[in-house]
Amino acid sequence: MRRIISILMENEPGALSRVVGLFSQRGYNIDTLNVAATEDPTLSRLTVTTKGDDRVIEQITKQLNKLVDVVKLVDLSEGAHVERDLMLVKVRAEGEVRDEIRRVTEIFRGQIVDVGPQVFTIQLTGAAEKLDAFIAALEEGAILEVVRSGVVGISRGDKVLRL
Amino acid sequence: MEMLSGGEMIARAIELENVEYIFGYPGGAVLHIYDALFKNCKVPHVLVRHEQAATHAADAYARATGKPGVVLVTSGPGATNAVTGIATAYMDSIPMVIFSGQVQSHLIGEDAFQETDMLGISRPVVKHSFQVRHTEELPGIIKKAFHIATTGRPGPVVIDIPKDKTKPEEKFPFKYPDSVSMRSYSPIQRGHAGQIKKAAKLLLGAKRPVIYSGGGVILGGASDQLTHLAKELRFPVTNTLMGLGAYPGSDDQFLGMLGMHGFYEANMAMHHADVILAVGARFDDRVTNTVSKFCPGAKIIHIDIDPTSISKTVNADVPIVGPVQTVLEDMLVQIKQLRKKDASLPDAGALERWWRQINEWRDKHGLWTADRFVSDGEHIMPQQVIQSLYKATGGDAYITSDVGQHQMFAAQYYKFDKPHRWINSGGLGTMGFGLPAAIGVKLAFPDADVACVTGEGSIQMNIQELSTCTQYNTPVKIINLRNNYLGMVKQWQDMQYEGRHAMSTYEDSLPDFVKLVEAYGHVGMQVKNLADLDGAMKEAFALKDRVVFMDIFIDPTEHVYPMHVAPNGSMKDMWINKHERTS
Ligand SMILES: Cc1ncc(C[n+]2csc(CCOP(=O)(O)OP(=O)(O)O)c2C)c(N)n1
Ligand SMILES: [Mg+2]
């Protein structure tokens, strides 16, 4: 099952490599990975999506917790949460298809953030499935480049992950 | 405030941590540190002959004393040479602090002379690591390193120190912290009371219980607690390879080691148990055999300081995370209370039947039955060497070991009555561990008998340390079980490859070990006949202030038994000897 593990860790050099190293060392897979500092510059927030049965996920969370740089973590997929992925897509946009692309972008509530005579760059945010659906909706061959931020997430309600 | 250079800070911090010995080897990147040690440091430094030996010696010092081992090596090859020893310590959860030199900060990343990304290379085999970015951070980092290495589940911690951070002319205020507080690291102090009570009840309801204890009991200083608990309940106890000595080996309730080369009675008892109390053990694959067939009828209570050890390979019915010492204490209190209420617990009749069954197993193929090995009265069997060693040392020596058949014979036949006495590389299985380990132990306990049980293969992996023995006067005894083979490899080739001995023999290339050790200034002995064994052993240990190398020719055809049937075998599936198996 797909899980979203969100980690608060020391913003120290080497911390990220310990987390990533743990996954490869122990044979766990990483589907997406996102990391950046938080409002507290001494802490960074890392979000990783992974797949595995309950036993594997339990080991992953325990092993992550054991890393000295990891302060706290939560498996967001255990409760109600909001998840977002940001995508920038550069598509071929010439002639009639320009309108077609504009329409699809609108349906998905995306934005065209850069316009050229032959290309559009579209920005889209949402849950990962929505971004997948958008890609599927575009004409085959239209896509020139895709870049995604990886999933970030946060629990719903007043549950927080902080010190 | 006192002003010190980085090098001086390290020297001072090591003193303040009450370090007894630094094991190391100098080189360019650590010369400032060495100069500071030379000028002003009360802690003696032991110069080994290879950095791997420094880590093993420090590691064994830690295993024997319970205090952290300290290592100092230079950058590049010094650091990489240390890695095998760091990994060895990591796998067995041994507290160690490794200071490794690094090229100057401004050269990092430029493939400078003797530059290695030590943090990267050691990352999978350390508990934690630091790189010093500002000299002022050094006292705090060192304090944290010792704290992390020695608390919770212990392990090695690397401090990578760029040379420019130790410059003698750059001084900074030095204040060594009294304590450590880290928001991201706080090992659990106490087990969950509710879980402990649940476990106590389960134990008291058991009809076929076994206590399965591991290295964590020794690391956690819980041998007494374990023994009290076992005695209170009159439950049988088995130890892992790493746990030997945690429960007295000569006690009647002791079933011996379990696992791949465990005692028949221990493996049988485990397989048929209805309740297993696992303490500071981690259900290693060398213990469980095929996990899906592991102890099918057993409810499992698992106590460990490290949550990742619990339900990693075998699911625990009652998991208890906490220090084994206090958890066992709390458990004993609970058990006594429960028994006050109901004195009929545990079921004495059931326990009686269980012991009768265990004793039947003991009589059938137990380790101490007469037919475990066959001696022709003339040639020496490896088991007899360990028995002779046991006699000569009154069962009270520190025994270090290398890796192979000799290691298993030592583990099986030397009955360790005390913790910290059996010093071997269990998790990584590092050949070459034994001799430097013996040096580390002998330095910690100069008056104790220290013997290294080894094979002609393993000893040659760090034999250069004979020279370190000379320099620091560490009169250890080296018991070489000479079978002229990489014996354990040969055993597997005999059993699984139809006796094709691919590269497991040295042909006629072995050195004359007697001459070799004499060249280092030590005493060499050759023993070829059983009749001479006990006498020679006595003679060796009578030479209190000499290193003695006993080259003992043993039957090269002997295998280690019992041996788990693999693949797809369970705990109870064992080869008992070359021809018989249990199932
Ligand atoms: C560094 C290292 N390399 C290889 C091995 C694999 N190995 C395990 S036991 C063994 C043979 C050891 O031979 P020896 O030291 O003579 O001991 P014996 O088994 O003959 O008693 C080998 C090669 C190992 N454990 N460690
Ligand atoms: Mg051999």
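## A four-stranded sheet in chain A

Two strands count as paired if DSSP finds at least two bridges between them. In this predicted model, chain A holds an open sheet of 4 strands, in the order β2-β3-β1-β4, with antiparallel pairing. Its edge strands are β2 (32-37) and β4 (70-75), and each of these pairs on one side only. From one strand to the next, the twist averages 15 degrees. Strands of a sheet pair through backbone hydrogen bonds, either parallel or antiparallel.

Within this sheet, β1 of chain A (residues 2-10) pairs with β4(A) in the antiparallel sense, over 5 bridges. On β4(A), the residue that A:Ile7 stands opposite is A:Leu73. Helix α1 of chain A (residues 15-25) lies across β1, β2 and β3 (43-51) of chain A, and the helix runs at about 150 degrees to β1(A).

## A:Thr32 and its contacts

A:Thr32 lies in strand β2 of chain A. Leaving aside neighbours within four places in sequence, A:Thr32 is in contact with A:Thr47, A:Val48 and A:Thr49, and also with A:Gly150 and A:Val151. A:Pro117 is 85 residues from A:Thr32 in sequence, and the C-alpha atoms of A:Thr32 and A:Pro117 are 33 Å apart in space.

## Other strands of chain A

Strands β6 (residues 111-115) and β7 (residues 119-126) of chain A form an antiparallel pair over 4 bridges. A hairpin of 3 residues joins β6(A) to β7(A). In this pair, A:Val115 stands opposite A:Phe120 of β7(A).

Strand β9 of chain A (residues 152-155) includes A:Ser155. The relative accessibility of A:Ser155 is 16%, so this residue counts as buried. Not counting residues up to four places away in sequence, A:Ser155 touches A:Leu76, A:Ala80 and A:His81.

## The second largest pocket

The second largest pocket contains about 500 Å³ of space. Its lining is made of 23 residues; those nearest its centre are A:Glu12, A:Pro13, B:His128, B:Ser129 and B:Phe130.

Several elements give two or more residues to the lining of this pocket: α1 of chain A, and α5 (118-122), β6 (128-131) and α6 (138-150) of chain B. The largest share of the lining comes from β6(B), with 4 residues.

## A buried helix in chain B

The buried residues of α15(B) include B:His406, B:Met408, B:Phe409 and B:Tyr413. B:Gln405, B:Gln407 and B:Gln412 are also buried, as are B:Ala410 and B:Ala411.

## Cysteines

A disulfide is a covalent bond between the sulfur atoms of two cysteines. Here the cut-off is that the two sulfur atoms lie within 2.5 Å. By this rule there are 0 disulfides over all chains. B:Cys452 is in no disulfide, and the nearest cysteine sulfur to its own, that of B:Cys469, is 9.4 Å away.

Note on methods: Residues numbered from 1 in each chain as written. Chains lettered and ligands numbered in written order. Predicted model: local features only at pLDDT ≥ 70, side-chain atom pairs only at ≥ 80, totals over all residues. Heavy atoms only, no water. Axes fitted to C-alpha atoms, helices over the stretch in contact; angles between N-to-C directions. Contact = heavy atoms within 4.5 Å. 1 Å grid on protein atoms, 1.4 Å probe; cavity = no way out; pocket = protein on both sides within 12 Å on 5 of 7 lines; lining within 4 Å. Points joined across faces, edges and corners; volume = space filled by probe spheres on them. Buried < 20%, exposed > 50% of the residue type's maximum accessible area, 1.4 Å probe, protein only.
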